[in-house]
Number of protein chains: 2
Amino acid sequence: MPQFLDTSDTGFETEFAALLTAKREDAPDVDDAVAEIIADVRNRGDAAVIELTAKFDRLELTPDTLAFSEDEIDEACAKVSDDDRAALHLAADRIHAYHARQVPEDESWTDACGATLGWRWTPVGAAGLYVPGGLASYPSSVLMNAIPARVAGVPRLVICAPTPDGVSNPLVLLAARLSGVDTVYRIGGAQAIAALAYGTETIKGVDKITGPGNAYVAAAKRRVFGKVGIDMIAGPSEILVIADADNDPDWIAVDLMSQAEHDESAQSILITDDAAFGQAVADAVTRRLETLERRAIAGKSWRDFGAIITVRDLTEAAELSDRIAPEHLELCVADPDALAAKITHAGAIFLGAWTPEAIGDYIGGPNHVLPTARSARFSSGLSVMDFIKRTTLARMTPGALRAIGPAAERLAVSESLEAHALSVRARLNRLNEAAE
Amino acid sequence: MPQFLDTSDTGFETEFAALLTAKREDAPDVDDAVAEIIADVRNRGDAAVIELTAKFDRLELTPDTLAFSEDEIDEACAKVSDDDRAALHLAADRIHAYHARQVPEDESWTDACGATLGWRWTPVGAAGLYVPGGLASYPSSVLMNAIPARVAGVPRLVICAPTPDGVSNPLVLLAARLSGVDTVYRIGGAQAIAALAYGTETIKGVDKITGPGNAYVAAAKRRVFGKVGIDMIAGPSEILVIADADNDPDWIAVDLMSQAEHDESAQSILITDDAAFGQAVADAVTRRLETLERRAIAGKSWRDFGAIITVRDLTEAAELSDRIAPEHLELCVADPDALAAKITHAGAIFLGAWTPEAIGDYIGGPNHVLPTARSARFSSGLSVMDFIKRTTLARMTPGALRAIGPAAERLAVSESLEAHALSVRARLNRLNEAAE
């Protein structure tokens, strides 16, 4: 059974604090191994990547077969059923439409002293998307990573998607093609991240790496951060549902299970203002767990990390939600907009009982790559912004420099940076000479 | 002397590649020491911070004196001269005006199928700014870090500014007050970063940490990244000046020196389409270096990492500039806007000879915290965006779910995530029952 908490109980604060800080992942210390792999790929390039792929993925590659050929991708795409293809197309179109609205405007203005200021946005030169292999090889993740990059105008977009034992997912390749990916490499792990960051003879380095991965991938991303940009270090998935009694307990139960089935370390929490409803949801989960295909995973996640919290009212629910800072937040209440207005920290909010979180995973339009492990306090889901960067612009006129230059000179002197001051003074002197 | 390169020389590519990859910093491996400090602060809180401050900064503190009192700040502010105070005020006002334009709009729209989509922006809960002590204790950096956070609406804003031997900089404290900082702690190093990330009895943890620091601070920021947000891992400063022959060589020389004087590992590069002008700038630098206060630092930076590159034309200059991806880029040419349009990767561009880079350091308005070490390829300078985050919003109607739900269900099935599919199906079934 999950934990049952009640804000009216005297022990609540202690229990809730424990829930917040529960360590859900045993992060194995792979840092030294990863450092070695990265050094190996930097030193030996393709040869290291090929050896490591043989070792970890039991797959023999050559420089010529590191990437899928166009023929192989054609062949894979042809295997996809019409229904799956149509669904993937609809998802791609909707994700594209949503992200197209995120492209920010360049700005330029001239202020009172005559200085022209502004900024402009440009795409990163190349992006590399990591797509896990095996069980968690999700075509939806390809769309969610690649489409924002394409909308941003990134000129070169590659994927690394390991294919353990040579097994690949045709839907992943179709999703890559749909979203305009240039090259798909069948490599994974820390060696793929190293190849993307530093380049090899065959694989050209990129400027930005995004996408989820296992502990090796996460440690490698942390290490190459700075040399290239990365998105985030993703943790196990979470959902928080705030639901009043006017809901079908079974809907809420499957919503909770849709996170729990991802991973044994996933976390599903219900907050309700009606204890009896909370119990009804717990019962519905128990029923669903009898038949769910992934009941072993979902059941363990629910037992170990699931929680049902009874609150006095929805304002209290909003306060707890901000302390949880959930990745996914469903508001199954009469006035979800009013409740959403009380909440500050959440990756994505799903408003009303007709909006199951799974809509956001696939087809709603917003990105499903979202901040986990309470990082919604300070970070956002993946977006076009992750694939562009801003250059600030400034242009002084002689008049503008005369107006504000002396203050700059003064501050430079106060910081003992004489050359800074002289660079302004040399120009001010010219203006003074001209005025004489 | 700096290096002289010429794109017409046969050896140019090799020399330029070496310039790009020159290791300018001997990053000492402080990772183990930093891990120990962080663990110590997590375990022992205030006591560890106080001991480490006594050890590294030779300063005895108590929990009550970890932060400057209001009286101490009043006293420090009173010491600042009227001229310095006026300059700092002008800088703060201009930085505020520039950053106020960066606040993005929330969005909400309803699409053809009836789904309401959008996003909204909210500030991080609390931000901690690191301000180095000693030589590099710059009031301008306080403004550049704190004002964007305040414009973002961050409700709690603290500074950690070490005061080795108890020596503090009144201008730093005035800058903190001007920009609305709530608390200034006189602690530094990895222990300050650990305290900001994890909190102690006295120091409440924050959600985002920004600001430059030494190798210990950088390693600590890398380690706490994920637990809290960080801005970037800053490297030594750089400037690239592209100048034609129609410039005063002495202006360009002091501009180059204004980066070189920061740090022996700073880098100043001139690209010009006139070799004789390049030589004239080199001569002017030599003259300036005879009297410059920080000539030891600037001279070493210039000799070790400075370069003058002669190109055939300005288009070639733009291409080289993008390979360098400079932190600061001055365009001292007849039509700087036209040249800027050819350039993709730069932290900040200063347009025209009347815009010395130092204007951007202090008073122009744009931020002076900018991507170093070629990271302008994928990242931006500090901005309001660093202190806010986006929550995506989605609301389905029954009709919208009927329109796009089946595709979500299909994709969930294709990914073997049954509960995801069921969470959509349960609702679709209700709609079908109602329709019957």
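Colleague: Which residues does B:Asn169 touch, not counting residues up to four places away in sequence?

Modeller: Please bear in mind that this is a predicted model. With sequence neighbours up to four places away set aside, B:Asn169 touches B:Ser137 and B:Pro139. B:Pro139 is 30 residues from B:Asn169 along the chain, and their C-alpha atoms are 8.3 Å apart.

Colleague: Where in chain B does B:Asn169 lie, and what does its side chain reach?

Modeller: B:Asn169 belongs to the loop between β5 (156–160) and α7 (170–178) of chain B. Its side chain reaches the backbone nitrogen of B:Leu171 at 2.9 Å. B:Asn169 is classed as partly exposed because its relative accessible area is 22%, and buried would require under 20%.

Colleague: What is found at the start of α7(A)?

Modeller: There, a side-chain oxygen of A:Asn169 comes to within 2.9 Å of the backbone nitrogen of A:Leu171. After α7(A) comes A:Gly180, with a positive phi near 75°.

Colleague: Which residues of helix α7 of chain A are buried, and what covers them?

Modeller: The general idea concerns helix geometry. An α-helix has 3.6 residues a turn, so residues three or four places apart point the same way. In this case, the buried residues of α7 (residues 170–178) of chain A are A:Leu171, A:Val172, A:Leu173, A:Leu174, A:Ala175 and A:Ala176. Their cover includes α4 (70–79), α5 (82–100), α6 (139–152), β5 and β6 of chain A, together with α16 (398–414) of chain B.

Colleague: What is the order of the strands in the open sheet of chain A, and which of them stand at the edges?

Modeller: The sheet has five strands in the order β6-β5-β4-β7-β8, with parallel pairing. At its edges stand β6 (183–185) and β8 (229–230), each with a single partner strand, so one side of each has no neighbour in the sheet. Within the sheet, β4 (residues 126–130) and β5 (residues 156–160) run parallel and are joined by five bridges. A:Ala127 has A:Leu157 in β5(A) as its bridge partner.

Colleague: Is B:Arg186 buried or exposed?

Modeller: B:Arg186 counts as buried, because its relative accessibility is 10%. B:Arg186 sits in the loop between β6 (183–185) and α8 (189–198) of chain B. Its side chain makes a polar contact of 2.8 Å with the side chain of B:Glu72. A polar atom of the B:Arg186 side chain also lies 2.9 Å from the backbone oxygen of B:Thr65. Among the other residues that B:Arg186 touches are B:Leu59, B:Phe68 and B:Pro162.

Colleague: How many residues of chain B are in contact with chain A, and what area do the two chains bury between them?

Modeller: An interface may be described by its contacts, its area and its composition. Here 120 residues of chain B are in contact with 120 residues of chain A. The two chains bury about 10600 Å² between them, 58% of it on carbon and sulfur atoms. In chain B, the residues that lose the most area to chain A are B:Trp354, B:Phe378 and B:Arg427, together 8% of what that side buries.

Colleague: How many salt bridges and polar contacts does the rule find across this interface?

Modeller: The rule finds 14 salt bridges between chain B and chain A, and 68 residue pairs in polar contact. The side of chain B that touches chain A comprises 62 nonpolar, 29 polar and 29 charged residues.

Colleague: Which residue forms a salt bridge with B:Arg427?

Modeller: The partner is A:Asp255, at 2.7 Å from N to O. This pair crosses between chains, from helix α17 (residues 418–435) of chain B to helix α10 (residues 249–260) of chain A. B:Arg427 counts as buried because its relative accessibility is 0%, and A:Asp255 is likewise buried with a relative accessible area of 0%.

A further case is B:Asp111 and A:Arg94, whose closest N and O atoms are 2.8 Å apart in a salt bridge. B:Asp111 lies in the loop between β2 (107–110) and β3 (116–123) of chain B and A:Arg94 in helix α5 of chain A, so the pair joins two chains. Both B:Asp111 and A:Arg94 are buried.

Colleague: In which sense do strand β14 of chain A and strand β13 of chain B pair?

Modeller: Strand β14 (residues 388–395) of chain A pairs with strand β13 (residues 348–351) of chain B in the parallel sense, over three bridges. A:Leu393 stands opposite B:Ile349 in β13(B).

Terms used:
Residues are numbered from 1 along each chain as its sequence is written. Chains are lettered from A and ligands numbered from 1 in the order in which they are written. This is a predicted model: local features need pLDDT of at least 70, side-chain atom pairs count only at pLDDT 80 or more; totals for chains, interfaces and linings use all residues. Side-chain values use heavy atoms; hydrogens and water are left out. Contact means heavy atoms within 4.5 Å. Buried area is the accessible area (1.4 Å probe) that two parts lose on being put together, summed over both. A salt bridge is a side-chain nitrogen of Lys or Arg within 4 Å of a carboxyl oxygen of Asp or Glu. A polar contact is a pair of N or O atoms within 3.5 Å; within protein, one must be able to donate a hydrogen and the other to accept it, and residues adjacent in sequence count only if both atoms are side-chain atoms. Ala, Val, Leu, Ile, Met, Phe, Trp, Tyr, Cys and Pro count as nonpolar, Asp, Glu, Lys and Arg as charged, and the others, Gly among them, as polar. Two strands pair if DSSP finds at least two bridges between them. Helices (H or I, at least four residues) and strands (E, at least two) are DSSP runs, numbered from the N terminus. Buried means under 20% relative accessible area, exposed over 50%, partly exposed in between (1.4 Å probe, protein chains only).
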